[in-house]
Amino acid sequence: MKAWEKNIRKVTPYVPGEQPKVDGIIKLNTNENPYGPSKRVEEIKYDMDNLRKYPDPKIELLVDAIAEYHGLTSDKVFVGVGSDDVIAMAFMTYFNSDKPILFPDITYSFYDVWADMLHIPYERVPLNSDFRIVKEDYIGRECGGIIFPNPNAPTGILESVDFIEEIVKANPDVIVIIDEAYIDFGGETVLPLIDKYDNLVITRTFSKSRSMAGLRIGYAMANPVLIKYLNDVKYSFNSYTLNSLSIILGTESVKDDAYFKETVQKVINTREWFTEEAKKLGFRVLPSSSNFVFAEHEKLSGNEIFEYLKANKIYVRHFSSPRIDNFLRISIGTDEEMKALVNCLRQQIEAL
Ligand SMILES: Cc1ncc(COP(=O)(O)O)c(C=O)c1O
């Protein structure tokens with residue numbers, strides 16, 4: 001072993017879903033949106049001369065557009081390179097206590113990676129046997145902060161605004177981050193609570209409902225004091241986070257609300273159709289408010305289905321973690337893609 005090895009920061013990285021380089025596949029493994037971004041985005045003419053210059057470190061154009069969209073002042077919005085970047089900055093900024101931060105045992109698998117890397121103590125709080133968050137587990141406990149997605153991932157299960165308010169209210173001394181990556185697919189946001197509770201931070205992404213995973217845009221919303229602390233950390237780390245093309249295209253997307261609502265509704269309709277079809281095929285499907293469903297089959301293992309689908313060029317996500325290794329997380333594609341998936345599943349099941 002080289003002497004310098006002992007000085008290396010060793011981390012166990014997050015493993016992103018596969019981005020296969022094969023043509024003709026049906027890709028339902030990373031919760032992307034099957035519909036392209038708004039036509040307004042396609043029509044933008046980007047002046048390549050802009051590339052000479054650094055982008056606006058304040059990301060003002062996009063911060064202002066997001067603030068206006070949500071009816072907020074701009075000092076309540078922070079924009080970053082996807083919500084992964086925003087949440088990583090939020091961990092650095094808000095979770096600086098010796099007490100453990102709390103998040104569910106089954107949740108977005110990046111949270112423990114950031115916590116490990118930043119030496120933030122944490123505790124994974126078990127979901128109940130129905131895969132739901134138990135509110136009482138987050139109340140009356142000393143902790144260094146709380147984070148969970150609503151709807152949760154990979155379960156897709158949504159909790160109510162009242163449910164979350166109780167947790168935020170019971171933890172006034174620490175920051176509670178609600179990761180609303182999937183909230184547009186049928187959930188009610190806790191956004192109005194940021195004016196009522198000074199310890200609440202909400203994160204969002206353009207990767208799912210806005211169909212722009214490739215541009216890497218995410219944002220946080222909170223009171224101006226918390227946003228200022230987040231910016232202080234950002235400027236201590238990397239001041240030019242978002243590139244100038246993403247700033248311009250992201251801003252156009254926010255302006256086309258009709259297209260946004262239409263495509264989100266299409267995804268919801270397809271999700272409801274697919275859920276019923278999957279149940280008919282013998283799947284248990286958790287109630288989803290997201291652009292994916294989490295399902296297990298009564299006879300076939302998660303891995304068997306995963307491998308069969310992959311052999312048929314259909315990619316879904318399988319996690320080999322305890323409690324969920326029999327489940328598949330299936331992103332909602334177009335109607336045609338989901339019909340092809342149902343047909344493929346039917347073939348496998350009928351051959352039993
Ligand atoms: C719960 C949750 N939060 C955050 C993210 C990160 O999204 P992005 O970095 O693309 O904004 C994801 C992506 O899958 C997610 O599932």
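**Ligand shell and packing**

Tutor: Of the 13 residues around the ligand, those that come nearest are G82, S83, D84, T205 and S207; a residue is near if its C-beta atom, placed from the backbone, lies within 6 Å. The model is predicted, so local features need pLDDT of at least 70 and side-chain atom pairs pLDDT 80 or more, while totals for chains, interfaces and linings use all residues. Residues are numbered from 1 along each chain as its sequence is written.

Student: Which helix gives the largest share of the shell around the ligand?

Tutor: Helix α3 (residues 82-94) does, with 3 residues; helices are DSSP runs of H or I with at least four residues, and strands are runs of E with at least two.

Student: How is the packing of two helices described?

Tutor: One gives the angle between their axes and the distance between the axes. Here α3 and helix α6 (residues 224-235) have axes that come within 9 Å and cross at roughly 105°. Therefore α3 is roughly perpendicular to α6, a term for angles of 65 to 115 degrees. M89, A90, M92 and T93 in α3 meet Y229, L230, V233 and K234 in α6, contact being C-beta atoms within 7 Å.

Student: In what ways can strands of a sheet pair?

Tutor: They pair through backbone hydrogen bonds, either parallel or antiparallel. In this model an open sheet of 3 strands has antiparallel pairing in the order β9-β10-β12, where pairing requires at least two DSSP bridges. β9 (283-285) and β12 (327-331) are the edge strands. Strand β10 (residues 292-297) joins β12 over 5 antiparallel bridges, and A295 has L328 in β12 as its bridge partner.

Key
Axes fitted to C-alpha atoms, helices over the stretch in contact; angles between N-to-C directions. Parallel < 35°, antiparallel > 145°, perpendicular 65-115°, else oblique. Contact = placed C-beta atoms within 7 Å.
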